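This report describes a protein model one part at a time. Please keep the sequence and the structure in view while reading.

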Amino acid sequence: MASHPRPISPHLQVYRPQLTSIMSILHRITGVFLSLGVVPLVGWLVAAAAGPTWFDCAQQVAGSIVGRTLLFLWTGAFFYHLLNGLRHLAWDAGWGFELPTAYRTGWMVMILAAILTVIAWGLGYWARGAF
């Protein structure tokens with residue numbers, strides 16, 4: 001064995017970030033964000049069960065600029081996590097490991113997640129008569 005200490009595994013400082021590594025990290029972050037987003041969702045459901053006064057309060061919080069921003073980000077995280085999860089299922093089946101395919105599907109996941117988020121919010125506003 002060599003007497004000089006060497007790292008056990010490659011460190012982030014050794015490699016430059018690649019699309020696949022960034023998407024893996026983002027997948028984990030969106031999973032945590034989705035889990036944390038369940039707490040206000042449950043609070044909203046409890047407020048709905050508690051009566052109109054509490055529900056109106058919860059609606060005001062959700063309808064504020066901060067509330068809508070968090071809901072928008074939560075929707076984006078949902079679609080990203082969903083589509084990237086499907087991509088991982090394809091990998092589990094042995095499809096998509098080639099580097100060009102991995103990059104193509106990675107960009108597709110990010111673009112489709114953005115498009116689906118905007119469509120979902122557009123449909124939501126349209127259903128409420130905003131346009």
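## Terms and Basis

A residue is called buried when its relative accessible area is under 20%, exposed when that area is over 50%, and partly exposed in between. The model discussed here is predicted.

## Helix H1

Helix H1 covers residues 19–50. Just after H1 comes glycine 51, which takes a positive phi of about 130 degrees.

The buried residues of H1 are Leu19, Met23, His27, Thr30, Gly31, Leu34, Gly37 and Ala47. These buried residues pack against H3, H4 and helix H2, which covers residues 52–63.

## Helix H3

Helix H3 covers residues 65–92. H3 has 28 residues and reaches 40 Å from its first C-alpha to its last, close to the 40 Å expected at 1.5 Å a residue. Glycine 94 follows H3 and has a positive phi, near 90 degrees.

Buried in H3 are Gly67, Thr75, Ala77, Phe79, Tyr80, Leu83, Asn84, Arg87 and Trp91. The cover over these buried residues of H3 includes H1, H2 and H4. Threonine 75, which lies in H3, counts as buried because its relative accessibility is 17%. Leaving aside residues up to four places away in sequence, threonine 75 touches Thr117, Ala120 and Trp121.

## Helix H4

Helix H4 covers residues 99–127. Its 29 residues should span 42 Å at 1.5 Å a residue; the end C-alpha atoms of H4 are 41 Å apart, which agrees. Just after H4, glycine 129 takes a positive phi of about 85 degrees.

In H4, the buried residues are Thr101, Ala102, Thr105, Gly106, Val109, Ala113, Thr117 and Trp121. H1 and H3 are included in what covers them.

## The Largest Nonpolar Core

Which residues make up the largest nonpolar core? There are seven in all: Leu19, Met23, Phe79, Tyr80, Leu83, Val109 and Ala113. Two or more of these residues come from each of the helices H1, H3 and H4. H3 gives the most to this core, with three residues. As general background, nonpolar side chains tend to be buried together in soluble globular proteins.

Tyrosine 80 belongs to this core. Not counting residues up to four places away in sequence, tyrosine 80 touches Met23, Leu26, His27, Thr30, Val109, Met110 and Ala113.

## Aromatic Pairs

A pair of aromatic rings is described by the distance of the centres and the angle of the planes. The model has five aromatic pairs. One of them is formed by tryptophan 91 and phenylalanine 97, and this pair is stacked, with 6.1 Å centre to centre and 25 degrees between the planes. Are the two partners buried or exposed? Tryptophan 91 counts as buried because its relative accessibility is 18%, whereas phenylalanine 97, at 54%, counts as exposed.

Tryptophan 121 and tyrosine 125 form an aromatic pair that is tilted, with 5.9 Å centre to centre and 40 degrees between the planes. Both residues lie in H4, four residues apart, which is about one turn of the helix. Tryptophan 121 is buried, with a relative accessible area of 18%, while tyrosine 125 counts as partly exposed at 29% relative accessibility. Together with Phe72, Trp121 and Tyr125 form one aromatic cluster.

## The Largest Pocket

The largest pocket has a volume of about 880 Å³. Its lining consists of 25 residues, and those nearest the centre of the pocket are Gln59, Ala62, Gly63, Gly67 and Leu71.

H1, H2, H3 and H4 are the elements that give two or more residues to the lining of the largest pocket. Which element gives the most to this lining? It is H1, with seven residues.

Definitions and conventions
Residues numbered from 1 in each chain as written. Predicted model: local features only at pLDDT ≥ 70, side-chain atom pairs only at ≥ 80, totals over all residues. Heavy atoms only, no water. Core = buried A, V, L, I, M, F, W, Y, C linked by side-chain atoms within 4.5 Å. Buried < 20%, exposed > 50% of the residue type's maximum accessible area, 1.4 Å probe, protein only. Contact = heavy atoms within 4.5 Å. Phe/Tyr/Trp six-rings, centres within 6.5 Å; stacked < 30°, edge-to-face > 60°. 1 Å grid on protein atoms, 1.4 Å probe; cavity = no way out; pocket = protein on both sides within 12 Å on 5 of 7 lines; lining within 4 Å. Points joined across faces, edges and corners; volume = space filled by probe spheres on them. Expected span 1.5 Å × (residues − 1).
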